[in-house]
Every structure is written in C-alpha cells, then in structure tokens.
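Subject: Structure handover

Dear colleague,

I am passing on the structure we spoke about, and I would be grateful if you could look through it. My notes on what was found follow below.

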Amino acid sequence: MATVSIPANTSALLLDIEGTTTPITFVKDILFPYIKEHLEDYLSTHWEEDECKQDVHLLKKQIEEDMRQNRACPVHALDQTVHTDEEKAIREVVDNVLWQMAADRKSTALKQFQGHMWRTAYASGRIKGQVYQDVIPSIRRWRAQGLKVYIYSSGSVEAQKLLFGYSVEGDVLDLFDGHFDTNIGAKVESKSYENIAERIGCRAEEITFLTDVTREAKAAEDAGVNVVVVVRPGNLELTDEERAHYNLITSFNQLEVMGHA
Ligand SMILES: [Mg+2]
C-alpha cells in the first residue's frame with residue numbers, strides 16, 4: 001500500500017485502539033475471557049472494598065434502568081450451591097455482567113467494573129497491553145514533528161491507560177496528550193468528534209482520525225475530521241465502495257506527516 005499524506009493543517013492525530021493500534025484479538029481473546037474466568041473470584045476477594053461496592057452499586061442501577069426500559073434481563077436460575085446473602089448477591093452481579101458482555105452492552109457501569117478488574121491483572125503482570133510494532137515508533141516520530149496525539153476508544157479512559165501503561169513496550173503513556181472514551185459521546189456519532197475538537201481546542205479539520213471501523217470514519221468525516229482507515233489482520237473486511245472512498249493504511253509507517261514543523 002502506498003503512503004497516505006495527512007492535510008498540512010493537521011495539528012492532532014486521534015487514534016482508535018482495537019483494530020488500529022492493537023489487534024482485535026487482544027480484546028476478544030485475552031481481555032474479555034479474563035473477566036469471564038476471574039469474575040466470581042474477583043468479586044469474592046474485593047466485595048468489602050469501597051471501589052468494588054461502588055462498581056456493584058452502578059451495575060445494579062444499570063439493571064434497574066434496563067428493567068424500566070423493558071430491556072431483556074438475565075433470568076436467575078435457582079442455584080443450590082449458593083447459600084449466604086453475599087454469595088447470592090455476588091451470583092447476581094456475575095450473571096448480570098456475563099449477560100451484559102454476551103449482549104455486547106457498552107454501559108458505563110460495565111466498562112468501569114471491567115477496568116478495575118483489568119487494573120488488577122495488569123498491575124500483577126498477568127496481562128500486558130498489545131500494540132502493533134509500527135505504532136510506538138510512529139507516534140514518537142509524529143510528536144517530534146509537532147503533532148499532538150490522542151486516543152479515542154469505546155474502552156474506558158482507565159482501560160486505555162492500563163493498556164498503554166502496562167504495554168509490551170513498557171509504560172508509553174507519556175506519548176499521549178489526552179484520552180477520550182464514550183463519555184464524550186458514541187464513536188458512531190458526529191457530535192462526539194465536534195466535542196473532541198472543542199476539548200482539544202482546535203477545529204475538526206485539524207484532526208486526523210485513524211480507525212478500522214467505517215461507521216466511525218463516516219461519523220468523523222461528517223464532523224469535518226480527516227479520516228484514515230487502518231487495515232489490520234483480523235479486522236472486518238471493507239466493501240469495494242469503502243476501499244475506494246477511504247485512504248487506507250496497513251501500518252502507521254505509511255502515514256506521511258512531512259511538512260510539519
Ligand atoms: Mg477499532
């Protein structure tokens with residue numbers, strides 16, 4: 001694939017994580033299975049701690065909200081192995097978290113709880129954040145050329161910081177000028193990109209967004225953001241139309257930012 005030049009007025013690069021800086025399989029095959037496998041253990045161990053209590057409180061509020069809106073909810077089967085109230089309460093949270101994950105819900109309550117579980121795993125060295133080889137050297141090069149670099153992921157800011165704070169290349173958090181998650185808005189909504197431009201303090205036209213998902217690319221484009229679609233192994237196949245419409249790269253090395261101070 002050829003080199004892709006970004007507009008000369010670009011002042012900030014906005015990077016997606018999953019399928020862009022990091023293999024989709026990292027999230028699918030490592031992070032999410034970790035939650036499922038250690039969920040009950042984690043809750044039992046941390047149940048009495050304030051942070052865990054707050055997480056559980058938020059998850060319960062989410063369940064109530066779901067019931068009010070008549071969304072489907074997990075059915076609790078009577079389990080003979082559960083005896084104490086605490087065990088029952090833990091089982092309820094386990095069922096709900098597994099159900100939300102199976103439904104691919106992106107609720108803040110779920111994201112926050114997962115973030116706390118992952119922090120424990122990263123801090124103990126059981127998980128290391130994966131990034132493609134071309135990512136860190138490219139970001140260093142862009143920064144040396146005067147560009148600011150931000151992350152925008154549907155994973156919580158806390159989860160983002162863990163991934164880059166405990167990455168296979170060590171703590172690389174100092175390479176980023178800021179992090180955005182769905183608190184700023186959904187990635188498939190144009191308004192989110194306007195909000196990000198406002199927070200960064202530049203015009204949407206000065207931002208180049210790198211993502212693997214064309215629905216996100218479209219939303220960013222509609223806001224006036226310049227978009228480059230990243231093609232990585234295991235990413236969703238693009239249609240011929242999408243291939244023709246978007247600038248594509250398979251490696252960050254292909255992004256040409258020459259001309260920047
Ligand atoms: Mg992505």
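Asp16 is buried, with a relative accessible area of 3%, whereas Glu18, at 32%, is partly exposed. Please keep in mind that the model is a predicted one.

Turning to the strands, β3 (residues 148–152) has four of its five residues buried, so the strand is largely enclosed by the rest of the structure. Strand β2 (residues 12–15) pairs with β3 in the parallel sense over four bridges, and within this pairing Leu14 stands opposite Tyr150 of β3. Strand β4 (residues 178–180) also pairs with β3 in the parallel sense, here over three bridges, with Phe180 in β4 as the bridge partner of Tyr152. Together with helix α6 (residues 157–165), the strands β3 and β4 make a right-handed β-α-β unit.

As for the cysteines, the structure holds zero disulfides. Cys52 is buried, its relative accessible area being 2%, and Cys202 is buried as well, with a value of 16%, which counts as buried because the cut-off lies at under 20% relative accessible area.

With kind regards

Terms used. Residues are numbered from 1 along each chain as its sequence is written. This is a predicted model: local features need pLDDT of at least 70, side-chain atom pairs count only at pLDDT 80 or more; totals for chains, interfaces and linings use all residues. Side-chain values use heavy atoms; hydrogens and water are left out. Buried means under 20% relative accessible area, exposed over 50%, partly exposed in between (1.4 Å probe, protein chains only). Helices (H or I, at least four residues) and strands (E, at least two) are DSSP runs, numbered from the N terminus. Two strands pair if DSSP finds at least two bridges between them. A crossover is right-handed if, with the strands pointing away from the viewer, the path from the first strand over the helix to the second runs clockwise. A disulfide is a pair of cysteine sulfur atoms within 2.5 Å.
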